[in-house]
Amino acid sequence: MRDSIEIGLGRSARRGYTLDEIGIVPSRRTRDIDAVSLTWQIDAYRFDLPLMGFPSDATMSPATIAEVGRIGGLGVLDAEGLWTRYDDPASALATLAGLDTEDATRELQRVYTEPVREDLISLRIKELRDGGSVVAVRVSPQHTLRLAPTILSAGVDMLVIQGTIVSAEHVGTTPTDPPLNLKTFIADLDVPVVVGGCTNYQTALHLMRTGAAGVIVGVGADIWATTSEVLGIEVPMATAIVDAAAARRDYLDETGGRYVHVIAAGGIRTSGDIARALACGADAVMLGEPLAAAAQAPAKGTWWHPSASHPKLPRGQFGPPRPGWPLGSLQQVLRGPADSPYGELNLFGGTRRAIAKAGYSDVKEFQKVGLIVTA
């Protein structure tokens, strides 16, 4: 077993690495920052930034998705979120934004008891399309078969099937809960599908074999996630990304050239984290809490993972606004200018500079950069 450590008699485990335990090793040359491209293309859709917005109601609304699209990234709306449960979620968002941390989980659960309405799914997708950006909508594996027909008929450009852990086949337990076989499901669709999360080589490879255009790596974990405490599931992001990138390479050989994008989700807060994720092999990153620092964030700087409102087993804490938030507009958070030296503003300006300093011209080249373990 590679990098195995003996836990006890007869049982070993791999050593995993987080992003902040990895350093980027520059090459023998540097480049002008203006010569670096961050352009990302997945299927037919081209973006100036390798960015997907994490589908949390705290940061993703029709308005912020349009703004993320204007700036150059891809926002994703949660089809099971507040925007599809309430005609106007402003009151619910204001209530959540004013919560004390101790009461947050119960209140999140209460607010999300309002049922998802299919008419609102169609309405929100129309609003997204009217906003002029690429229309991407997230649905959980458990509700894909029920909600996907409405989502698809409303005219999305990209479908995101995302849960804490997603497998190629989700097995139900009753005749009314049929299994979701992603391979047969995706084969029948005319739109690209992004699926995840996953945390290892085997699952990433299986998800690629479903025909997905992209695979989300990671469980969206940040300092507010409690997946590790609740489920015991925890794979450090640097290791998870490298393993998924290896699966991508093997799948490329297996299929004679079909490329599946690796999208890193979790443990990413600064421009340095984005650079390290790309250096480990990610094609793009999915940002959550960092976007809560923007003035346009619907929940006014508060943050929660979608699983934090689960009615039976919540797996996330409510994160209040950090001191000094908002840090700036979405434009400043993503593309600057920055007036802070900590890498939380101008996220992709910092990423572009990292690629330039390491001597590469784009993300695909940068994925070959040397890495070193710093821990």
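Guide: Happy to. Helix 2 (residues 90–97) and helix 3 (residues 104–111) pack at an angle of about 170°, with their axes 10 Å apart. That angle makes helix 2 roughly antiparallel to helix 3 (over 145 degrees counts as roughly antiparallel). Axes here are lines fitted to C-alpha atoms over the stretch in contact, and angles run from 0 to 180 degrees between N-to-C directions. Helices are DSSP runs of H or I with at least four residues, strands are E runs of at least two, and both are numbered from the N terminus.

This is a predicted model, where local features need pLDDT of at least 70, side-chain atom pairs count only at pLDDT 80 or more, and totals for chains, interfaces and linings use all residues. Residues are numbered from 1 along each chain as its sequence is written, and side-chain values use heavy atoms, leaving out hydrogens and water.

On the helix 2 side, A92, T95 and L96 meet E107, L108 and V111 of helix 3, contact meaning heavy atoms within 4.5 Å. The residues of this contact divide into 4 nonpolar, 1 polar and 1 charged.

Now the backbone. Most residues other than glycine have a negative phi, and most peptide bonds are trans. The bond from G196 to G197 is cis, with omega near 10°, and G197 sits in strand 12 (residues 193–198). Another cis bond joins W325 and P326, with omega about 0°; P326 belongs to the loop between helix 11 (289–292) and helix 12 (330–335). K300, in the loop between helix 11 and helix 12, has a positive phi of about 55° although it is not a glycine.

Notes. Parallel < 35°, antiparallel > 145°, perpendicular 65-115°, else oblique. Nonpolar A, V, L, I, M, F, W, Y, C, P; charged D, E, K, R; others polar.
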